[in-house]
Amino acid sequence: MRIKDLLKEQSIELGVNTSISTKENVINKLASLIDKSGNISNIEEYKKGVLEREAHCSTGIGGGIAIPHAKNKAVKDASLSAMVIPNGVDFDALDGEPSKLFFMIAAPENGVDVHLQVLARLSTILMDDDFKNKLISAKSKKEFLNIIDEKETEKFPEESTDKVSKVTNGYRVLAVTACPTGIAHTFMAAENLEQKGKQLGIPLKAETNGADGAKNVLTKEEIAAAECIIIAADKNIDMARFDEKRVISTKVSDGIHKGEELINRAVSGTVPIYHHNGAKVSTDESEQESVGRSVYKHLMNGVSHMLPFVIGGGILIALAFLFDNYEINPANFGKNTPVANYLKTIGEQAFGMMLPVLAGYIGMSIADRPGLAVGFIGGIVAKMGCTFANPAGGNVNSGFLGALLAGFIGGYLVLALKKLFSKLPSALDGIKPILIYPVLGILSVSVVTTIINPFVGGINSALTNTLNSMGGSSKILLGMVVAGMQSTDMGGPINKASYVFGTAQLAEGNYQVMASVMAGGMIPPLAIALCTTFFKNRFTKKERQSGLVNYILGLSFISEGAIPFAAQDPLRVIPSCIAGSAVAGGLSMFFNCTLRAPHGGIFVLPVIGNPFGFLTALVVGAVVGCVILAILKKPLEENK
């Protein structure tokens, strides 16, 4: 969908004077412009949606550009408005600079993700500084639209009726970009790589794996002809198509900031050849992923796919207890009434999928698609607790640890099978993924998992019994440790280790650990938000504004909201947050709080065991973190 189809002259305002001087003024003006399209049924409802989006994270993307947007029930048809304020307005941009060029996107609630498509396109073409400056300097609305139309025709020639194939001369370098959310960074990296390719005289095509699917997809012919492929991605992508090609794997941020360096390296002839068997053949140590990083990536792939099952199932089970009547039959509590029985049954089925899904996606991360079924079945065998004496299981509880091991065992067994059968005639390649890998892989992982089940079950039972027998100071200490770990690196490996331990205990029926973990993870943003509110002279104006957003992030259990503050002042922020989290986690244990859902923050308060105790732990922990931070941070000179 082209921008010119959504943006009309009546929805454009150029050379706006300084009467519009605040972010709220900008949003009001853009909304009134978009209302002129006739595609908004209720402008106040639409503005409410835009403001809610801004409260989550500013749409000031930096470089003088802001793209506020909302997918809202008040929108009848997709529309755009645009505005230029030459002197700029503070829009809470990521780079802290004033925004001069504004686009507002309105998308219908029940339609396709038009706002993502338009946002991706704008993020792409606005990376060109010359194009951006031409728009800011446009003398008329007609000129403004013509500049956009010319740029779209240049950038997306495949949409033109007289398009010319870009493959005529081939591409020396190809790229694939992807970020976890699949929106701005994905397209900014692709645009930067293509622009740097033009500047260097090296034809480059970039495929984007965005939120609405892969775009500008690389063809077999292009891959075969290319000298090298740059993978600038922060999530897994399909790598099988790049077998026997030179491949550079890096972060999506490198695609944005190190485009020239990546392209020069791609054509240097020194990049190692990628072999699609789970390993890279390289003499360059920088190309080899460390064992720890590899294990962590595979584990996180399994955990990220497992969480929706745990969260959905856990909350439904908790709701079943909330809606049930204990007095009817205490032994059947959770299933005494029809509503509770239904919720608990569905919740148990969803929750019961967590271990097979964990193992399956660990296996897939290691060995691609053939590893999925093998890991999945390994997880089921671990969940059942199968032994050779009792194949139906039930006597052994290998639990989370068993499923985790089954995932890794299954993935590496498939890699071994791939290597073992790599010498088969190419005519038999078709039977490998549909016959050899599934049959031998499932049988192998089942046998190995069955062998280790009694040993893992013993370890798991001992750990569970130890945790269940903890009382008094030892239990409080455990809560302090797992909660404090949440604040150590706020989303990093230590934080994730604590979180995975909490979800593992959910599978074993120990719900107190997860409550402490979530309390600990909520503290960093809350402590910072309180400190920016009550000790304003310790922070800049920009930090105080960001602090307000941290209230929402903290209550939502999004500890990453504290990262910008921790990055600027780690020696004061991190210890303060760790102390606050440890206090909250210890108090949560002291009050015997329980939590069956591994996410949700304050929004799952009704299903938390002892909610008032949990709130008390949260408030005390946040205040402790706030006070320590205020003591460690000195008033800023500019605020004196």
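1. **Basis of the model.** Because the model is predicted, local features are reported at pLDDT of at least 70 and side-chain atom pairs at pLDDT 80 or more, whereas totals for chains, interfaces and linings use all residues. Residues are numbered from 1 along each chain as its sequence is written, and side-chain values use heavy atoms, with hydrogens and water left out.

2. **Overall make-up.** The protein has 22 helices and 13 strands, where helices (H or I, at least four residues) and strands (E, at least two) are DSSP runs numbered from the N terminus. Of its 640 residues, 49% count as buried; here buried means under 20% relative accessible area, exposed over 50%, and partly exposed in between, with a 1.4 Å probe and protein chains only. The exposed surface comes to about 28,800 Å², and carbon and sulfur atoms supply 60% of it, with areas taken from the Shrake-Rupley method with a 1.4 Å probe, and for residues only the protein chains shown count as cover. Among contacts (heavy atoms within 4.5 Å) between residues at least 6 apart in sequence, 71% join residues at least 24 apart.

3. **Cysteines.** A search of the whole structure finds zero disulfides, a disulfide being a pair of cysteine sulfur atoms within 2.5 Å. Cys-228 counts as buried because its relative accessibility is 0%, and Cys-593 is likewise buried, with a relative accessible area of 0%.

4. **Strand S10.** Six of the six residues of strand S10 (residues 228–233) are buried, so the strand is largely enclosed by the rest of the structure. In a regular strand the side chains alternate between the two faces of the sheet. In S10, Cys-228, Ile-230 and Ala-232 point one way while Ile-229, Ile-231 and Ala-233 point the other way, and all are buried. Strand S7 (residues 173–178) runs parallel to S10 and is joined to it by six bridges, with Val-173 standing opposite Cys-228; two strands count as paired if DSSP finds at least two bridges between them. S10 also pairs in the parallel sense with strand S11 (residues 245–250), over four bridges, and there the bridge partner of Ile-229 is Val-247.

5. **Strand S5.** Eight of the 11 residues of strand S5 (residues 79–89) are buried, so S5 too is largely enclosed by the rest of the structure. It pairs with strand S1 (residues 7–13) in the parallel sense over three bridges, Leu-7 standing opposite Leu-80. With strand S6 (residues 99–108) S5 runs antiparallel, joined by seven bridges, and Ala-82 stands opposite Phe-103 in S6.

6. **Lys-100.** This residue lies in strand S6 and counts as partly exposed because its relative accessibility is 33%. Leaving aside neighbours within four places in sequence, Lys-100 is in contact with Gly-64, Met-83, Val-84, Ile-85, Pro-86, Gly-88 and Ile-136. The C-alpha atoms of Lys-100 and Lys-132, which are 32 residues apart along the chain, are separated by 9.9 Å.

7. **Nonpolar cores.** The largest nonpolar core has 67 residues, and those with the most contacts inside it are Val-303, Met-306, Leu-358, Phe-400, Met-518 and Phe-614; such a core is a set of buried Ala, Val, Leu, Ile, Met, Phe, Trp, Tyr and Cys residues joined through side-chain atoms within 4.5 Å. Helix H18 (residues 512–534) provides the largest share of this core, 13 residues. Domain 3 (291–467) and domain 4 (472–632) both give residues to this core, so it lies between them, the bounds coming from an automatic or database domain assignment. Apart from it lies another core, of 26 residues, among them Leu-6, Leu-101, Leu-119 and Phe-131.

8. His-298, in helix H10 (residues 291–323), is buried with a relative accessible area of 5%, and, not counting residues up to four places away in sequence, it touches Ile-362, Ser-365, Ile-366, Phe-408 and Tyr-412. Ala-582, in helix H21 (residues 570–590), is buried with a relative accessible area of 12%. Leaving aside neighbours within four places in sequence, Ala-582 is in contact with Met-480, Ala-483 and Gly-484, and its C-alpha atom is separated by 9.0 Å from that of Gln-486, 96 residues apart along the chain.
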